[in-house]
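The points are grouped by topic.

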Amino acid sequence: MSDRTCRGTVRGLGGHTICFTGRVLVDGEWTFRSRCTRLATDRGAVAKTDFSRRITLVVYGDLASKVVTDSRRAYSSKLVDADASRNGGRHVCVVDADGFSKLLKRRPAPCLELRKSGAGRVRPVAAAPARSGILGGPLRVRRPGRRPSVDLTLDLNRLDKATAVHEATVGALLAHLSGQGVEVRTHAPGAPAFDAGWSRGADVFIAEVKSLTGAREDQQIRLGIGQVLDYAHQLRTAHPGRRLHPVLVLEKRPVDPRWSPLARSAGIRLTWAPGFPDL
């Protein structure tokens, strides 16, 4: 895996040879390099301690305690090497802690640019979304991973079940819209990571999908409302000429009927499987 095969998005860890700049904040928890290595290899990556021509992915972790090898550059020697490799024509992907967390969940992550800033420094930054870049490639339902039985706990079982329900809801949404001749897509590189998107004429719909299994319904719906409003605000700011419609998709009809009028008052379409009313 070399050159610009990522096209701005790292699709997964499988096939990558990876190294880390330090410990990584994985889902809010500082995770040391040894555990990051185990997590990455469980997802099909090959982990190396040092940078070499085999490295195809660098995870930009904690550098606070590291000595910067180039005083003009605000990152470790591995990022210096990644930048040199890119300048030499061999693309090396770079992701941050949030991107690594997404890849562990088998979700795509944006490949960071290495950009010069003041005083000749270079820093990793998210690529700016193209003005037309809202919808990406066709959406695919992911197969939830299975953990070895020795690692399972009650919380992990619940998490796996919720993930399976989430993907089942995504699959049902795909089938529903496909039956109307609508192609559902993932987000474009650099765009907010909404779960599903589609267009009807000049109207663009972005959806957050929430399972209600194993969690409090009100917490999940509040979280989904906040996420989809945030995504819509970001995209409206980046694409002021586009007609954006935020959609919150639930695995089933909510018990409390107040959520539908509340969502409408915020400009959100609230719908649920299996019938997906109002879509």
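**Strands, cores and ring contacts**

Strand β6 (residues 57–60) pairs with β7 in the parallel sense, over 4 bridges. The model is a predicted one.

**The parallel sheet**

- An open sheet is formed by 4 strands in the order β5-β2-β6-β7, with parallel pairing.
- The edges are taken by β5 (46–47) and β7 (93–96); each has a single partner strand, so one side of each is left without a neighbour in the sheet.
- Within the pairing of β6 and β7, Val-58 stands opposite Val-94 in β7.
- Helix α3 (residues 97–104) lies across β2 (17–20), β6 and β7, and runs at about 100° to β7.

**The nonpolar cores**

- The largest nonpolar core has 20 residues, of which Leu-13, Ile-18, Phe-20, Val-24 and Phe-100 touch the most other members.
- Two or more residues of this core come from each of β2, β3 (24–26), α1 (33–42), β6, β7 and α3.
- Helix α3 gives the most to this core, with 4 residues.
- Leaving out residues up to four places away in sequence, Phe-100 touches Leu-13, Ile-18, Phe-20, Val-24, Val-26, Cys-36, Ala-40, Val-59 and Val-95.
- A second, separate core has 17 residues, including Leu-173, Val-184, Val-247 and Val-249.

**Aromatic rings**

- The structure holds 2 aromatic pairs.
- Phe-20 and Phe-100 form an edge-to-face pair, 5.3 Å centre to centre with 80° between the planes.
- This pair links distant parts of the chain, since Phe-20 is in strand β2 and Phe-100 in helix α3, 80 residues apart.
- Phe-20 has a relative accessible area of 0% and is therefore buried; Phe-100, at 0% relative accessibility, also counts as buried.
- Trp-198 and Phe-205 form a stacked pair, 5.7 Å centre to centre with 10° between the planes, and both residues are buried.

**Arginines over rings**

- Arg-23 lies over the face of Trp-30, at 4.2 Å from the ring centre.
- Arg-258 has its charged end over the ring of Trp-259, 4.0 Å from its centre.

**Arg-269**

- Arg-269 is found in strand β16 (residues 269–272) and is partly exposed, with a relative accessible area of 28%.
- Neighbours within four places in sequence aside, Arg-269 is in contact with Phe-205, Pro-246, Val-247, Leu-248 and Asp-278.
- Ala-207 and Arg-269 are 62 residues apart in sequence and 9.1 Å apart in space, C-alpha to C-alpha.

Terms used:
Residues are numbered from 1 along each chain as its sequence is written. This is a predicted model: local features need pLDDT of at least 70, side-chain atom pairs count only at pLDDT 80 or more; totals for chains, interfaces and linings use all residues. Side-chain values use heavy atoms; hydrogens and water are left out. Two strands pair if DSSP finds at least two bridges between them. Contact means heavy atoms within 4.5 Å. Axes are lines fitted to C-alpha atoms, for helices over the stretch in contact, and angles run from 0 to 180 degrees between N-to-C directions. A nonpolar core is a set of buried Ala, Val, Leu, Ile, Met, Phe, Trp, Tyr and Cys residues joined through side-chain atoms within 4.5 Å. Buried means under 20% relative accessible area, exposed over 50%, partly exposed in between (1.4 Å probe, protein chains only). Rings of Phe, Tyr and Trp (its six-membered ring) pair if their centres lie within 6.5 Å; planes under 30 degrees apart count as stacked, over 60 as edge-to-face and the rest as tilted. A charge sits over a ring if NZ of Lys or CZ of Arg is within 6 Å of the ring centre and within 35 degrees of the ring normal.
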